[in-house]
Amino acid sequence: MRGMRNMLPLSLMLVMGCAGTLAGSEDDPEPVGRIDSPLKSEGERLFFDETFGGNGRACGTCHSKSTGTLSPSNIEALYAKNPNGPLFQHDGADTPGGSTFQRLRTRATVRIDLPLPPNVSIVGSSARTVSVFRGIPTTMNVPALDPVLMADGRAPTLQAQARDAIFGHAQSSQVTSPQLDAIASFEKTLFNNGRLRRYASGGAPPALPPGNTPSEKRGRVFFADDNPANGNPVAGRCVHCHSGPMLDETSPGFQLLTGVPAGTRFFSAFVSELNPGGDAQQTFRFQNADGTTTDVVSADPGLALITGDAANAHQFKIPTIWGAKKTAPYFHDNSAADIPAMLEHYDQYFNIIGFDLTEQDKLDIAAYMQLL
């Protein structure tokens, strides 16, 4: 399987969301998040209040004011309050047209229906679309600072992303270009991290915190310089795939080690391959340009469903991990309930390729992530 070439033993991709609460921290006391005002901008009104004549959902139905996304605990509270609310329908159901929402309530994933590329088919099926289940991407920090939108990068602009969400999730086509522009402008004001707010306003790129405790300082090593020419240890370094100002791209040191170009934004964290969520898998057949075919067994081939290239199978966007401590679950399919579960996934991944994260390593990484 061509996608297996993406199993590179030196990467530790802490792939997760980046949302959080409206609160600062000791090293970042500046208030973050949306600042409430009695006067809403048009974009804010459209985002939180407008349903566009659809099924009752607004953008804010799935993108909360406090985190920019929804967790299972958020959804369970909404379900207890009103099991017939706008969230509990359509792509939130366990099956199309169904009336149960266990997956949404426990994993906080929604169904995404994607067209198959012309050269891709599902073995044993004549379908030209495929359903995948993914977590709700946060609207915090990303709109202002990250040009790559969605886990598979399929939305070229914020306006296109909003339009697709209104069409697909809210089941409406009653939205205008000026309304989409207003929504996009409002989304660019949403932050849960003061460092990133200042960076978006023209400030210096955020620096990695130094760490205070011995555990935090040991954890920082995983996120620091990974250039082997500097004599630094290289195995299992988070910085390999969480480099750059936003901690969301592959590093120059990783390029020296593997040839993967620095600044790469899509990579495999081996989530789709290991399928820790136990999602139903299918065989996707890719017709290659040279006339050969490549079969990929997966619940969600990720970027390959957009590019039609089997070499991109299982690859997903590397997200920023600034503020990641504030949001769970993690990975594109929300299969890691919290940071310890996410690190257990990487431990399993590394066990396959002959490298172990020690229990102390995991504790140190988790401690440092509380500073980001």
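Here is a short chat about side-chain contacts in this structure.

Me: What kind of model is this, and how are residues numbered?
Reply: Residues are numbered from 1 along each chain as its sequence is written, and side-chain values use heavy atoms, with hydrogens and water left out. Local features need pLDDT of at least 70, side-chain atom pairs count only at pLDDT 80 or more, and totals for chains, interfaces and linings use all residues, since this is a predicted model.

Me: How are the rings of phenylalanine 48 and phenylalanine 186 arranged: stacked, tilted or edge-to-face?
Reply: Rings of Phe, Tyr and Trp (its six-membered ring) pair if their centres lie within 6.5 Å; planes under 30 degrees apart are stacked, over 60 edge-to-face and the rest tilted. The count by that rule is 11 aromatic pairs. For phenylalanine 48 and phenylalanine 186 the centres are 5.8 Å apart and the planes are at 75°, so the pair is edge-to-face.

Me: How many residues apart in sequence are the parts that phenylalanine 48 and phenylalanine 186 tie together?
Reply: Helices here are DSSP runs (H or I, at least four residues), numbered from the N terminus. Phenylalanine 48 is in helix H1 (residues 42-48), while phenylalanine 186 is in helix H7 (residues 177-187). So the pair ties together parts whose separation in sequence is 138 residues.

Me: Are phenylalanine 48 and phenylalanine 186 buried or exposed?
Reply: The cut-offs are under 20% relative accessible area for buried, over 50% for exposed and in between for partly exposed (1.4 Å probe, protein chains only). By those cut-offs, both phenylalanine 48 and phenylalanine 186 are buried.

Me: Which charged residue sits over the ring of phenylalanine 48?
Reply: A charge sits over a ring if NZ of Lys or CZ of Arg is within 6 Å of the ring centre and within 35 degrees of the ring normal. For phenylalanine 48, a charged end lies 5.0 Å from the ring centre, and it belongs to lysine 65.

Me: What is the angle between the ring planes of tyrosine 349 and phenylalanine 350?
Reply: Tyrosine 349 counts as buried at 0% relative accessibility, and phenylalanine 350 is buried at 0% too. Ring pairs also link both into a cluster with Phe270 and Phe355. The tyrosine 349 and phenylalanine 350 pair is stacked, with 5.3 Å centre to centre and planes at 10°.

Me: Which helices hold glutamate 344 and lysine 362?
Reply: A salt bridge is a side-chain nitrogen of Lys or Arg within 4 Å of a carboxyl oxygen of Asp or Glu, and glutamate 344 and lysine 362 meet in one at 2.8 Å, N to O. Glutamate 344 is partly exposed at 41%, whereas lysine 362 is buried at 5%. Glutamate 344 lies in helix H13 (residues 339-352) and lysine 362 in helix H14 (residues 359-369).

Terms used. Helices (H or I, at least four residues) and strands (E, at least two) are DSSP runs, numbered from the N terminus.
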